Amino acid sequence: MTAEIFTPIVGVTMTPSAVKHVRKQLDKKSDAKGIRLAIRKSGCSGFKYETQWVDEVSSDDRVFNIDGVDVFVKEEHLPLVNGIEIDFVTEGVNSMFQFRNPNATAECGCGESFTVA
């Protein structure tokens with residue numbers, strides 16, 4: 001019998017719609033190297049997603065290259081977003097990122113914040 005070592009897979013994915021949107025925006029921002037998925041404490045459920053354009057890479061950034069788009073995540077935020085899928089959707093006249101996080105155990109009613117147990 002042999003013992004297998006399993007290393008948890010840390011990952012971020014994007015839908016084709018999100019990749020297309022980010023590429024289009026990056027084409028307009030000559031200094032941007034990619035997009036950051038950040039987390040901050042907020043709302044009634046605990047945490048909120050934020051996206052930011054990345055001009056400078058930090059030593060604590062993990063970079064996920066998804067179809068030519070670099071997505072930056074701070075190492076400390078990885079446990080909160082592991083396995084997340086980023087989508088870009090249009091509903092009526094509104095367009096926005098949508099986040100499908102398999103680790104979220106609760107979300108507030110307005111969709112502003114989430115909890116990870």
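This is a predicted model: local features need pLDDT of at least 70, side-chain atom pairs count only at pLDDT 80 or more; totals for chains, interfaces and linings use all residues.
What follows is a walk through the fold, the core, the salt bridges and a few surface features of this protein.

Start with the overall layout. The protein has two helices and nine strands. Reading from the N terminus, these elements come in the order β-α-β-β-β-β-α-β-β-β-β. The chain has 117 residues, and 38% of them count as buried.

Next comes the inside of the protein. The largest nonpolar core holds 25 residues, and the members that touch the most others are Val-12, Met-14, Leu-37, Val-71, Val-73, Val-81 and Ile-86. Helix α1 is the top contributor, with four residues.

Charged side chains pair up too. Across the whole structure, a search turns up seven salt bridges. In one of them, the side chains of Arg-36 and Asp-61 come together with an N to O distance of 2.5 Å. This pair ties together distant parts of the chain, since Arg-36 sits in strand β2 and Asp-61 in strand β4, 25 residues apart. Both partners are tucked away: Arg-36 is buried, and Asp-61 is buried as well.

Arg-100 is another residue to look for in the model. Its side chain meets that of Glu-85 in a salt bridge of 2.7 Å, N to O. Here again distant parts of the chain are linked, with Arg-100 in strand β7 and Glu-85 in strand β6, 15 residues apart. Arg-100 also forms a salt bridge with Asp-87, where the closest N and O atoms are 2.8 Å apart. Asp-87 lies in strand β6 too, 13 residues away from Arg-100 in the chain.

Now for the surface. Lys-20, Lys-24, Lys-28 and Lys-29 form a positive surface patch. One of these, Lys-20, is part of helix α1, which covers residues 16-28. Lys-20 has 60% relative accessibility and therefore counts as exposed.

Ser-30 is found in the loop between α1 and β2 (34-42). With 74% relative accessibility, Ser-30 counts as exposed. Ser-30 and Asp-55 are 25 residues apart in sequence, and their C-alpha atoms are 9.3 Å apart in space.

The other loop residue is Asp-67, located between β4 (61-66) and β5 (69-74). Asp-67 is not a glycine, yet its phi is positive, at about 50°. Its relative accessible area is 53%, so Asp-67 is exposed.

Terms used: Residues are numbered from 1 along each chain as its sequence is written. Side-chain values use heavy atoms; hydrogens and water are left out. Patches are made of residues with over 30% relative accessible area and no salt bridge: like charges are joined within 9 Å, nonpolar side chains (Val, Leu, Ile, Met, Phe, Trp, Tyr) within 5 Å. Accessible areas come from the Shrake-Rupley method with a 1.4 Å probe; for residues, only the protein chains shown count as cover. A salt bridge is a side-chain nitrogen of Lys or Arg within 4 Å of a carboxyl oxygen of Asp or Glu. Lys and Arg count as positive and Asp and Glu as negative; His and the chain ends are not counted. The place of a charge is taken as NZ of Lys, CZ of Arg, CG of Asp or CD of Glu. Buried means under 20% relative accessible area, exposed over 50%, partly exposed in between (1.4 Å probe, protein chains only). A nonpolar core is a set of buried Ala, Val, Leu, Ile, Met, Phe, Trp, Tyr and Cys residues joined through side-chain atoms within 4.5 Å.
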